[in-house]
Each structure stands twice: as C-alpha cells, then as structure tokens.
Amino acid sequence: MSKHNEYDVVIVGAGISGAIVANQLAEKGHNVLILEAGEKKDFSFESYRNYVHHFYNSTIKIPNSPYPQNANAPQPLVTDVENIEDGIQQFNENGYFKQYGPAPFQSTYTRAKGGTTLHWLGTCLRMLPSDFKEYDLFGTGKNWPINYYDLMPYYRMAEREIGVSADVEEQRYLGLTFKEDYVYPMTKIPQSYLDKKLTEWTKGAVFNYEGQNFNYNIVSTPQGRNSNPNPKYDNGKGYQPVGAVGNPDLGQRCEGNSACVPICPVQAKYNALKTLQKAVNKGVVIKAQCVASKILYDKETGDISGITYKEYENSETLKSSSSCAYTEKTITAKRYVLAAHAVENAKLMLASDFNNKNIGQNLMDHPVLLTWGLAPENIGSFRGPGSTSGIPSLRDGSFRKNRSAFRVEIGNWGWNWPTGSPATELTEGLSNQLFGKKLRNKLLDKVQKEFRFGFLIEQQAIANNCVTIDERYKDALGNYRPIINYNITDHEKEGMLAAKAFSKQFFKTINGEDKTIYNSNSGGFIAYKGEELWWQGAGHLAGTHIMGTNKENSVVDKYQRCHEHKNLFLVGCGNMPSMGTSNPTLTMAALSFWAAENIDNDLNQSKSSQSEPLKHLTEK
Amino acid sequence: MKTPPLEPIEVFEKLSIILTGFSKADIIGTGMLQTYFDTIHTELEEGLFFELLFEVQKITVTNPEQPSTDELQNISELVSHSKYETAISQIIQLWYLGEWVFSPTSDQNYIISSQSYLEGLIWKSIAAHPMGGKQPGFGTWGFAPLTFSSDSTNKLT
C-alpha cells in the first residue's frame, strides 16, 4: 500500500453531515474525498426533476418513492413492515432490514447523494437544555458530555447552512436561550389557516393530566425552508436564500407544493445537495457508486490504515437483486470520517471487527402516535408545508421521571398519513355508489375539515435496541444487511397514554370530532392499560455510536472522535446519546460543524507535530 | 331534423362529465380525454367499454353538466348495474387519481403519467392542488380556504 495520501480526509457518505464536514474542511484548504454508495448523479436540475417524476408516477407515495431502489446500496421502506397475522408482526424478508422485533422498526433513510434530507420534512427545533442532562435531572435516559451552551454557536452555524426560518422570540420557551440580538436567517414560515383556527379555538383552555395543567400554546415551528430574509440577520447584513441546485432562481421561497415529504419540487426546502455543490466548487471530490465495506486498522495502535470499498459500474441493473459487477479498492487518508447514517456507520464498524461493545446499541427513533379528526368547520386541508406549528408544552417537565416527553406536531395534510386520504375517501364514496356532484360534495365536506396530530414520543437509549450483523444476511454486493432488534418501553407507552389523553381533550375543547380508529392488525398497534395505541416511525434514527466520557459507555468522545481510533471521526445522529423531542437533523448539523472544527485542529496540530489537546468548548 | 350519431369519444366525454361532476371545460382542460379513452379501451375486457358507451348513448342527456332527475336516475342504474359497476368505478378513479386501479390493494395499479397525476380531479374536488404540483404560492396556506361552505346554499348542484 502506498504511504502517500492523496487526500487529507476521506468521508463515507454524502448526506448532510458528510456535506457539512467536507465543505468546512475544504474551506480550510484540506483535500477531501467523499465516497457515496448511491448512484452517480450530476447537480443539474433535470437530474432532480427525474426524482419528482418518479414521485408523480408512484402509486404508493411513501418517503422513499422518488428515490429508486438500488440493489447495490439498498434502502429500507416503510412498506417492509406488513400487517399482523395470528398475533405476530410480519417483517417483509425482501426488505433491506432483517428484523427480529419484537416491535416493528418502521423508519427509513435514503441512500443517494444528498441522503435523507432529500425527503425530510425540514423541522429545525433545537434540543432543550434539559435534554442534554436528562439522567442528572430525571434519573432516566443518558447525559451528553457537552451541554446546550457548548453547542449554541454550532446551532447558529447549522441554522445558517440549512437556512432556517423562524421567529426567535417565539422560540424562547422551556429554558431555550439564544445569543443576545440573535435572529434566524429568515422570518418565520407563515402559519397555516388550520394553526390559526386552532389557536383561536383553544384560547385560555388547558390540558389537565395527572393533576397538572399544560397550555395549548400553538407555536410556529422553525423550518429549513425558504421564507423572507430577515434584514436584521448577521448584524444587519441580512441573508440570501439558496434556491434549487442547478436552477438557483427557483425555490427562493416556499411555494406551498404540499409535498415536502417525500420531495420539494422547487427545493425551497433545504437538502444536502446545496451544501455538496458548494463543497465541490471548493475542490471536494465525490466518488459515487462506491460502497464502503470495511475499515482497516492497526490492531496495536488502533489507527485506521484505509477504507475498502466496492465500486459498482452499472446503475441500470439496480432493480435486480442478483449480484452486480464491482471492483474492490482501498483508499487511504490522514483522517477518516464516517457520515454514512446511524445504521450504516454502525454496520460498517461491526463489519470491520471494531471491539467497542457500544457499537450498534442504543438505537433510537421517535415513535409517532397518530390521532386524527374533523375540525368544526372547513380549514382548507392539503395546503402548505406538512406542518407549520406544534404544541411544545409537553416537551419538558418533572413528569419525565415517569413517562416520555412528547412534542405535538400539527399536520396540514388532512388524514394523508394515517388513512391515505384523499384517495381512501374517494374509495369510500365509490363503495356507496356515489358519482357526479354528490361525490364531489361528499369529498369536499369531509376532507376540508380533516387534520391530524403526530405526537413525537421521546425514546430513550437502551442497549437492547440495536443494529447487528450476521453472515447469513447480505445484499447483492455481499455487504451486510442491518439486523434490527427493537422494542418500546413502558416509559414510552406511558408517554403515549398521555398523548392519547391530550388528543381526546383537545378535540372536545375545539368541538371537533375525534375520528381516531386504529386497525389492530396494523404494524405499531398495541393495547396498553385498556387504551389502544398506534405508532409509526419518524425516520429519526439515532444513537448507534453514542458520544460519552469513555470507551465503556460510548463510541466517540465529545470531539466526535473514536475513543479507540484516534484518526477516525464519526458524525451523524448516531453520536447522539438522546434526542429529547427534537427532530434530530439540526442538532446533527451543529455537531457536524463542531466535528469539522476538531478535525481541522487535529490536522493542523499534526502538521506542527505537537500533540496538544483539541480546543475546549466554550460559548462565545 | 335528425341528429348525427355521436362519435365514441364524444359519448365518453359526456359520460365523464356526468360521472365526475366536473364541467366540460374541466374535463377538456385536463388534456387527458383521449389518453383515458385509450386506457379504458385497453384495460376493460373486450367490448365492455363500447357496450357501456352504447348504453349511455341511449340515455339522452341534453346537458351533461346539469342532468335532469330522470337522466340521473338512468345513470344511477348503470352505476349500480352488476355488469358495469366495476368499470364505472375504475373510470371515476382514473379521472380522480390519474391511475388505473384494478382494486385498491392491487400492486398492478399504475399511474398513467406525470400529467395524469397532476390533473387528478380529486385535488380540485377538495379545493386543494395536487401534492407536489400546481404550486399555489408563498403563504397561501395561511389564507381562509377558497371553498364552498358545507351549508346547502353553497352546494354544487
């Protein structure tokens, strides 16, 4: 093997974390290569439009519907979990995951350039200060080795990169603080008509649960989608929204396409292609169709000596699951970064015989309890971003000792997620032999009043929820398929009970009709303490290589560097020991900025051959 | 004076207006009439489509946008006729979803084209726009819905 390293840094994965690290390090003058498992795709708008057409032509419009399946780099689908038969949850063996349950793992991610930000909703909530020290405060979950105040400057960098629209004054709740005079890059995304009506109908009311009152305050959600630039941003310098890659005049504002998940047709919603393009302009090289399969390391020192990957040639044979032609190669660099996604990072380290017992453990998601009903009057459903507001009052409190916290997400697209409306409403009308204007009236009356809640239940990191590998389960390239063991604890079920009670009281308060009915055969259905519950995955996969204070309790240190492999850094949600009730992308992005800074310092120190410690975290 | 017999596509247009509850302008405006005619002709079992059109032609509908009670009654009989029931449901779903639906759970169902998806009448019927297309513009989701209230005075008749 050549001792000459062509690259300073090799990154595995061209999603948001890999893109941020690459762009930051290129900015500092380092040579960076990204290995991407997904197809070769250029940065043209036409290339992106193909995804949009793929979405239009999909009969089942699930989160990965615009992004074709690729046998060389398979991705999980929500449809891989099938209905219950004879009391046993069915896991589709044709799916990418091999699942042992006992609960279904229903979350997915995208293996393509740009990663899962291609289909994310764009919610950019910061984690609460209390979320970073949950064990100290409540005796449950895990502490982080850093705190909210350490992360604040990196949150600001993430909010600039993603382009977050929000009103900072509305975000100061439950201990969230911001730098004096801080404003978000863009003013808040207008709240939906539904949000406004619910605010009006709940005025002065409270949710009472187990002797405690919680307010119904409906707060606009910080979102990674373009709104009007805030002239006060950056000490009065303002902000320039970033439009579509390959067509920058498009997507300067959110145009209300109502398809954020699975794809924003104009890219007003941030996706990592935007950061990747900047990185490429600075000289970063992306090698696509290269699937990392093994990390090589020195058994004595732990130092990484290279990454082996399989480069496949033909992406046209994607659909077939038969073996594909590939070439195996090894690449070397001064520093290595795994940014391949929580599940893929863990899988790759397990395949490389790393011996840290925490790898793969502590898999988390936000189980989303769904409830739905009808508003007392037409609210104009199916318009605007998927969600523009939420109710944060149950994100924190002393109750976290006994049950999970949750955030209430208000959905703008009727019952689309829980029931498949409006297509299912049409089916129902047709089964009653309605046609013509009677059919139209029926659809209009019903669907215009539909809305739903998603309760994002905090899930704690536990060892038994994990990703493992097994020789028996491999994909077409001979790489491991992830094996998932997953369950929901009573702590989380208690949170779901509170969420269900919240929903019932809410519909009473607004004089709406609670229409929540669960199918007991559907994946995620449980009966608990006499109450029926049904949850879905949020796509918030986290915690498979958590950060901590030592190798016994974690995989990476607070600098995002592996305890046992000093020239290997990990990024992504896998580093998070908890995620509270925040959608994790913003925090992941902040951590990626922090990791990039540490890698840069580390490279510079090795140049001057001094082994000083990495810069200490302090809020400026 | 004798009216010349209608071409099959003209009868289909008439039927489409009655079944969907949309105007001739809406139907023509989708640009899908001929495509859907061809799709139905291909997908339905041999002869069934033309037999249906023949039945429709027998029901004289003066103005398909405002059919009379009697005319509606005759169409209702076709809609619930065991021979045509499924085909009519498929035709309505084609117009509403832009999709050929063998059955709601069949994995053989297919979307005709990007255009057919975007022109699905279901979005217009719920006073919305197709998810992912025909963008209504920044902030419009915050406005009161442009819609008919559910009280009978504003109902479509």
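These questions and answers concern a predicted model, its contact between chain A and chain B, and one residue of chain A.

User: How many residues does the contact take from chain A and how many from chain B?
Analyst: The two chains bury about 4,500 Å² between them, with 62% of that area on carbon and sulfur atoms. The contact takes 55 residues from chain A and 58 residues from chain B.

User: Which element gives the largest share of the side of chain A that touches chain B?
Analyst: Four elements of chain A give two or more residues to this side: α2 (45–56), α5 (193–201), α10 (423–431) and α11 (436–447). With nine residues, the largest share comes from α11(A).

User: How do the residues of that side of chain A divide into nonpolar, polar and charged?
Analyst: The side in question is the one that touches chain B, and the contact takes 55 residues from chain A. They divide into 23 nonpolar, 23 polar and nine charged.

User: What is the count of salt bridges between chain A and chain B?
Analyst: Polar contacts do occur across the interface, in 19 residue pairs with both residues at pLDDT 80 or more. A salt bridge needs a side-chain nitrogen of Lys or Arg within 4 Å of a carboxyl oxygen of Asp or Glu. Between chain A and chain B the count is zero.

User: How many residues apart in sequence are Glu531(A) and Leu497(A), and how far apart in space?
Analyst: Glu531(A) lies in strand β22 (residues 531–536) of chain A. Not counting residues up to four places away in sequence, Glu531(A) touches Leu497(A), Lys500(A), Lys504(A) and Ile526(A). Glu531(A) and Leu497(A) are 34 residues apart in sequence, and their C-alpha to C-alpha distance is 7.4 Å.

Definitions and conventions. Residues are numbered from 1 along each chain as its sequence is written. Chains are lettered from A and ligands numbered from 1 in the order in which they are written. This is a predicted model: local features need pLDDT of at least 70, side-chain atom pairs count only at pLDDT 80 or more; totals for chains, interfaces and linings use all residues. Side-chain values use heavy atoms; hydrogens and water are left out. Contact means heavy atoms within 4.5 Å. Buried area is the accessible area (1.4 Å probe) that two parts lose on being put together, summed over both. A polar contact is a pair of N or O atoms within 3.5 Å; within protein, one must be able to donate a hydrogen and the other to accept it, and residues adjacent in sequence count only if both atoms are side-chain atoms. Ala, Val, Leu, Ile, Met, Phe, Trp, Tyr, Cys and Pro count as nonpolar, Asp, Glu, Lys and Arg as charged, and the others, Gly among them, as polar.
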